[in-house]
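Here are a few notes to read alongside the model. Have a look at it first, then work through the points.

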Amino acid sequence: MNKTEIKYYLIMAGSTSHMLRGDKLLKDKAVGTSLVPAPSEYGTVCATAIKVKIEDKEISEKILRENNITIEGIYPDKPRRLAGLVEKLMDSVISPEFMEVLKKIEDGEDLKEQDIVLLLSTERKAEKEALFHAADRMRKEIVGDVVDIRGAVEFSNYCRKDCRYCGIRKSLDDLNRYRMCEDEIMEVVHHLHEIGLKTVILQSGEDLWWTPEKISSLIKRVKDETKMNITLSIGERAKEEYELYKNLGTNNFLLKIETTNRKLFDFIHPDDDYDHRVKCSSWLRELGYLNGSGNIIGLPGQTVEDIAKDILFFKEMGINMIGIGPFVPAKGTPLEGYPQGDIEMTLKAVAVTRIVCKRVFIPATTALASLDPDGQTKALKAGANTIMLINTPAKYRYNYQIYSDKNMVDLESAFIAVEESGRKMPPYLKVKREDCIK
Ligand code: SF4
């Protein structure tokens, strides 16, 4: 490998807490970092590495060692090539233009918007298969075969906003609103901890009843009682609030952009401002969160070019977790009568996102599972590497349907998707498939 091709190094710390402390220390000393999934060949399963520029490698190592951060290893972030990709496909019916883009992928070159549009637009069977094959190889090279499993608890369906696509939007009158209390949430968190999961996703509508004090108290309990990683998904909040939750130990934050087409963003989000949403995402990145975003495929009026721009946005913003789901019309919303998003386009978007953004977490989304019983398996074969279980207690679940007929992804369906896609469950999981057969 040509040494000049290496632009970044990946620092593997001795534990999650060392990784997080180390990342903060580096940021405080103005070293640019991002948190990325560790390469499969170096890391423990889906562990997170600190990525620094080549010119910051030495100073980063010095700062970390001086502050007693255990370093397991520092590795070059190798450019990812898919050797032999094009040769293998020579006999397939693939257009010269498509082959040219595949060659760029093989050579590890950055794709431009028109390349991405070409990949997303194809309707030819052989080209689609080639795209999914390339994404699956990239996923295997970069994050390996293990699927990271996370558990979500949707703790409140109150929301101050009225997003036009959303099944818990403020103006839906005939919805039973609920708020779980801290003890109820902790009961779920303890269950997730007992079965060995490492990350809990605490998700709600934008519910200001959950004040910074209440959210802080919940974060402290999760950390004190289980030490689990926390992903917060509670919408737009003040920067100081994001900072407070980060300082209390929250690891990840999920705030989806949904679309980067401003006009479409404004149409589906009557209460939101596009620039402010992007600013919130930048704050999260600055604060050192593992930063989550994502989009909806098949929104009314959305074009393939829009989706290509979304994918480039994820790359440029350094987004670490990217949720891509099809549009699922929710009953009682202004978008109820629109057609659902196309599953195949969603899978193509997953595949291209893996190829373009490379070292990121991509969930096989519940929205996909809701439209297609094999949706998660297909997503895992197209570049996804994470599954989010829905662990909201049964009595509340029905009332947290951002879209209608939401499929409740549970451990059993996760086992099936992982098995069918020829992947591996994480070694940290303490239950076997037979333990969760209903
Ligand atoms: S998408 Fe989120 S912010 Fe918008 S209405 Fe639904 S829960 Fe509220």
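1. Start with overall size: with 438 residues, a compact globule would have a radius of gyration near 22 Å, and the protein chain has 21 Å, so the two agree. That radius is taken over C-alpha atoms, and the globule rule is 2.2 Å times the number of residues to the power 0.38. The C-alpha trace spans about 55 × 55 × 50 Å along its principal axes.

2. Keep in mind that this is a predicted model: local features need pLDDT of at least 70, side-chain atom pairs count only at pLDDT 80 or more, and totals for chains, interfaces and linings use all residues. Residues are numbered from 1 along each chain as its sequence is written.

3. You'll find 17 helices and 11 strands in the protein chain. These are DSSP runs numbered from the N terminus (helices: H or I, at least four residues; strands: E, at least two).

4. Of the 438 residues, 47% count as buried, with 20 or more other C-beta atoms within 10 Å of their own, C-beta atoms being placed from the backbone.

5. Contact here puts C-beta atoms, placed from the backbone, within 7 Å.

6. Using that contact rule, among contacts between residues at least 6 apart in sequence, 76% join residues at least 24 apart.

Terms used: Buried ≥ 20, exposed ≤ 12 C-beta atoms within 10 Å, placed from the backbone. Contact = placed C-beta atoms within 7 Å.
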